[in-house]
Amino acid sequence: MTTEIAIIGAGLGGLTLARVLHVHGISATIYEADASAAARTQGGQLDIHKEDGQFALAAAGLTDEFRAIIHEGAEAVRVLDPQGVLLHDDPDDGTDSRPEVLRGDLRQILLDSLPDGTVRWGHKVTAVRPLGDGRHELTFADGSTATSDLLVGADGAWSKVRRLLSDAEVEYTGTTFIETYLYDVDERHPATAAVVGVGAMYALTPGQGITAHREAGDILHTYVQLNRSAEWIASIDFTDAAAATARVAAEFDGWAPELTALITAGESAPVARMIHTLPDGHHWDRVPGVTLLGDAAHLMPPSGDGANLAMFDGAELARAIAAHPGDIEAALTAYEAALFPRSATFYADAVEILDLCLGDRAPFGLIELFDSAPAEEHA
């Protein structure tokens, strides 16, 4: 008898789950709200960790494809003060221990590895109804329906599937990242390109900072970080790019112009990314026929681990299903028994890293972390 596995969301975690299941000869269907793979941009650069993200890609049989998209040299890290003075500098050592890749490129190799028709684009879930015995009925925005024997919520921070398992609500952390881009930076913005360097740059003070990554294609991708209330963020009209840029830049009055240019010279409209999290220790009791992975399961502050954990969750769930043929509940029990303590450990790390970046000791707490950690642990 074939088990109908429905995965909600074509992010990295859901795609990894489907791919590793495919490697084990198990089919699944991914339902994705986006109309196509190209419906929206997929975010910036990710550092892929050996112990989880790279492990998941190996389980997916995609190590060679992954290595072909690495942005060589991008593991370099530097920390500056607001005047652009260099406080810490770690060049890329060439070991590729945490290589950087673009999220969109990584997603594409996962998509390309799946059989045609695995992803059902334009299928936004509007309702989920338990049918008993672990089966569920999905209703989509176009009125169509599907049923599952196993339902996996890989649908991110605002997961609809989570409601079947947990009453937990996501909460605003008090930190917002404001995203900007500069293009053709060596030619058009040489001073800013020089101060950022070839990898990641952190210019941090208590409560606010500017972080930038050099991406393939001569691009600087910036996250302006602010500890501000939700009301303060809501008071800025981000549909008025010029006014929003001026308002955010005013928070960095007196900073070095080559740093503030990452805000003021931005060549795309600034986008506010309010940082939300699930409660510490989020877990649920076993509910037949349904589970979660990635942000749907353990949304936490950004720390360089989110994409890695989502892929690792997907690989581990697939491996558990393959190890328990015909017994979905045994597979889910084994998967969740490892998921919950793993998530708790990474959640604690993420909260600590956010504090090191923007708390009272910024940036020196982060520098101490870099100095005490092996090079491969630098995010």
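## A buried aspartate in a loop

Let's start with Asp 52, which sits in the loop between strand E3 (45-47) and helix H2 (53-59). Keep in mind that this is a predicted model. Is Asp 52 buried or exposed? Its relative accessibility is 3%, so Asp 52 counts as buried, the cut-off being under 20%.

What does Asp 52 touch, once residues up to four places away in sequence are left out? The answer is Asn 308, Leu 309, Phe 312 and Phe 346.

## Salt bridges across the chain

Now for the charged pairs. Side chains of opposite charge can pair when their charged atoms come close. How many salt bridges does the structure hold? There are 13.

Take Arg 273 and Glu 179: their closest N and O atoms are 2.7 Å apart, and they form a salt bridge. This pair links distant parts of the chain, with Arg 273 in strand E16 (residues 271-277) and Glu 179 in strand E12 (residues 171-183), 94 residues apart.

Next up is the salt bridge where the side chains of Glu 336 and Arg 286 meet, at 2.7 Å from N to O. Glu 336 lies in helix H12 and Arg 286 in the loop between E16 and strand E17 (290-292), so this pair ties together parts that are 50 residues apart in sequence. Glu 336 is buried, with a relative accessible area of 4%, while Arg 286 is partly exposed at 27% relative accessibility.

Arg 129 and Glu 137 meet through their side chains in a salt bridge of 3.2 Å, N to O, and Arg 129 counts as partly exposed at 44% relative accessibility. Then there is a network of salt bridges that links Asp 186, Arg 214 and Asp 218.

Which residues of helix H13 (residues 364-372) are buried? Gly 365, Leu 366, Ile 367 and Phe 370 are. An α-helix has 3.6 residues a turn, so residues three or four places apart point the same way.

And what do the buried residues of H13 pack against? Their partners are strand E4 (77-80), E5, strand E13 (200-205) and H12.

## Patches on the surface

Over to the outside. Val 85, Leu 87 and Phe 364 make up a nonpolar patch on the surface, and together they have about 260 Å² of accessible area. Leu 87 belongs to strand E5 (residues 86-90), and its relative accessibility of 33% makes Leu 87 partly exposed.

There's a charged patch too: Asp 349, Glu 352, Asp 355 and Asp 360 gather in a patch of negative charge on the surface. Within that group, Asp 349 has its place in helix H12 (residues 328-358), and Asp 349 counts as partly exposed at 32% relative accessibility.

## An exposed threonine

Last stop: Thr 239, found in the loop between helix H7 (230-234) and helix H8 (241-250). Thr 239 has 75% relative accessibility, so this residue counts as exposed, for which the cut-off is over 50%. How far apart in space are Thr 239 and Ala 269, C-alpha to C-alpha? They are 8.2 Å apart, although 30 residues separate them in sequence.

Notes
Residues numbered from 1 in each chain as written. Predicted model: local features only at pLDDT ≥ 70, side-chain atom pairs only at ≥ 80, totals over all residues. Heavy atoms only, no water. Patch = residues over 30% accessible without salt bridge, like charges linked within 9 Å, V, L, I, M, F, W, Y side chains within 5 Å. Areas by Shrake-Rupley, 256 points an atom, 1.4 Å probe, with all protein chains shown as cover. Salt bridge = Lys/Arg side-chain N within 4 Å of Asp/Glu carboxyl O. Lys, Arg positive; Asp, Glu negative; His and termini not counted. Charge placed at Lys NZ, Arg CZ, Asp CG, Glu CD. Helix = DSSP H or I, 4+ residues; strand = E, 2+ residues; numbered from the N terminus. Buried < 20%, exposed > 50% of the residue type's maximum accessible area, 1.4 Å probe, protein only. Contact = heavy atoms within 4.5 Å.
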